[in-house]
Amino acid sequence: MKQHSNDRKKTVQILSMITQMGLVMIVAIGMTTALGVWLDRKLGTSFITVIFFFLGAAGGVQGIYGLVKQIFKDEDGKNDKISKKDR
């Protein structure tokens, strides 16, 4: 019975992590693309949206990297950059 509860908890944690990663990408790309569209309309250009889209994608990847790094730090109970003396 205890094993079933642990499996369910782990499944929910994984699903929430996947959802969080998806939201990070959608928000990063969506906000920067919207800003690019707004700037293109204000400035009368047509290339800023593409540039901001890729900047948003890069920001989303960086955000996901930070999430994954935090998750693995939590599982290990330590951070590779901080020595035991600094804690």
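Predicted model: local features only at pLDDT ≥ 70, side-chain atom pairs only at ≥ 80, totals over all residues.
Is Phe53 buried, partly exposed or exposed?

Residues are numbered from 1 along each chain as its sequence is written, and side-chain values use heavy atoms, with hydrogens and water left out.

First, the fold. The chain has two helices and zero strands. Both terms mean DSSP runs, numbered from the N terminus: at least four residues of H or I for a helix, at least two of E for a strand. Helix H1 covers residues 2-43, and Leu15 sits in it.

Next, contacts, meaning heavy atoms within 4.5 Å. Take those with a separation of 6 or more: 51% join residues 24 or more positions apart.

Now the surface. The chain exposes about 7200 Å², by the Shrake-Rupley method with a 1.4 Å probe. Carbon and sulfur atoms supply 66% of that area. Of the 87 residues, 11% are buried. Buried means under 20% relative accessible area, exposed means over 50%, and partly exposed lies in between.

Back to the opening question. Phe53 is partly exposed, at a relative accessible area of 35%. Phe54 is exposed, at 53%.

Last, the rings. Aromatic rings pair if their centres lie within 6.5 Å; planes under 30 degrees apart are stacked, over 60 edge-to-face, the rest tilted. The count here is one aromatic pair. Phe53 and Phe54 form it, edge-to-face, with 5.4 Å centre to centre and 80° between the planes.

Technical notes: Buried < 20%, exposed > 50% of the residue type's maximum accessible area, 1.4 Å probe, protein only. Phe/Tyr/Trp six-rings, centres within 6.5 Å; stacked < 30°, edge-to-face > 60°.
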